[in-house]
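Morning, everyone. Let's go through one structure together, step by step. Please have a look at it first.

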Amino acid sequence: MAAAASSSMATSRRFSRKAGSNLITANFELKPPPYPLNALEPHMSRETLEYHWGKHHRAYVDNLNKQIVGTGLEGLSLEDTIIVTYNKGDMLPAFNNAAQAWNHEFFWESIKPGGGGKPSGELLDLIERDFGSFEQFIQEFKSAAATQFGSGWAWLAYKANRLDMENAVNPWPSDKDKKLVIVKSPNAVNPLVWDYFPLLTIDVWEHAYYLDFQNRRPDYISMFMEKLVSWEAVSARLEKAKAQAAEREIEEERRRKEEEEEQSDDDDVQLYLDSDTDDSDSE
């Protein structure tokens, strides 16, 4: 799962030495959006970013740092912290803050001033292959975001394995398994926990849009897709995801061959021992 996690950005850490101690601790830092807080106006107001990034996102990072002090989570990357604390669905206390810290940084980097429009190149080709058309993709993504009950997220992700939310892992994907998918997730959950490569997300927690759109979530979603999405960021993530998926396949194939060779060696040893036993009995 670490491969999928590393396909995205990672929240930076600040290292400090505890007073009167040689112990060095690492705290996650709140990373600012890659643009001024008023740069998304008139589509997303400065006031929304001041609350959404400056208060909500900050609180997730601050609370996470408090939760990991003195635990085995200290020193882990944010992505690994998410996987460990998700705990196969039996979530540990730090999961929500870790995932929300990651989700928000990913969200800010999914949008830009003057965004929207239509992607190009391989990203557009895969969207048209996997959804039929760009217009159909937009419709399905909007529907996922609008129908996520309560708080949560909608995602475009690159699925390069056979792991489904309801099924067990099959680590040997075919070409048919490598595709773009739209998923929605409740609360803090994100596609990293399913070993997918996230490419794009929209935050549908009310704090993401209520100051600008009140209860009009569909209007917020339409604005997001038409005016803010950074298709350049999504394309760059896709390129990294495909490269890391290919690297993972090579590594898994290497491990499979090593396991087969070890099994073959074990079988040879067993045959040799059986042969010795048979000779001894015959005497």
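Start with N65. Set aside residues up to four places away in sequence, and N65 touches N27 and F28. Keep in mind that this is a predicted model.

Where does N65 sit? It is found in helix α2, which covers residues 46-68. Is N65 buried or exposed? Its relative accessible area is 10%. Buried means under 20%. So N65 is buried.

Now to E122. This residue is found in helix α5, residues 121-131. How does its accessibility come out? E122 has 39% relative accessibility. Buried needs under 20%, and exposed needs over 50%. E122 therefore counts as partly exposed.

Which residues does E122 touch, not counting those up to four places away in sequence? There are two names to note: L238 and K242. E122 and E239 are 117 residues apart along the chain. In the model, their C-alpha atoms are separated by 8.9 Å.

Next, confidence. The mean pLDDT of the chain is 86. Of its residues, 79% reach 70 or more. Over residues 5-9, though, the pLDDT is below 50. That stretch has 16 contacts in the model beyond near neighbours in sequence. What about residues 164-170? There, pLDDT stays under 50 too. For residues 164-170 the model has eight contacts beyond four places in sequence.

One last recap. N65 is buried, and E122 is partly exposed. Thanks, that's my part.

Key
Residues are numbered from 1 along each chain as its sequence is written. This is a predicted model: local features need pLDDT of at least 70, side-chain atom pairs count only at pLDDT 80 or more; totals for chains, interfaces and linings use all residues. Side-chain values use heavy atoms; hydrogens and water are left out. Helices (H or I, at least four residues) and strands (E, at least two) are DSSP runs, numbered from the N terminus. Buried means under 20% relative accessible area, exposed over 50%, partly exposed in between (1.4 Å probe, protein chains only). Contact means heavy atoms within 4.5 Å. pLDDT is the predictor's confidence in each residue, from 0 to 100.
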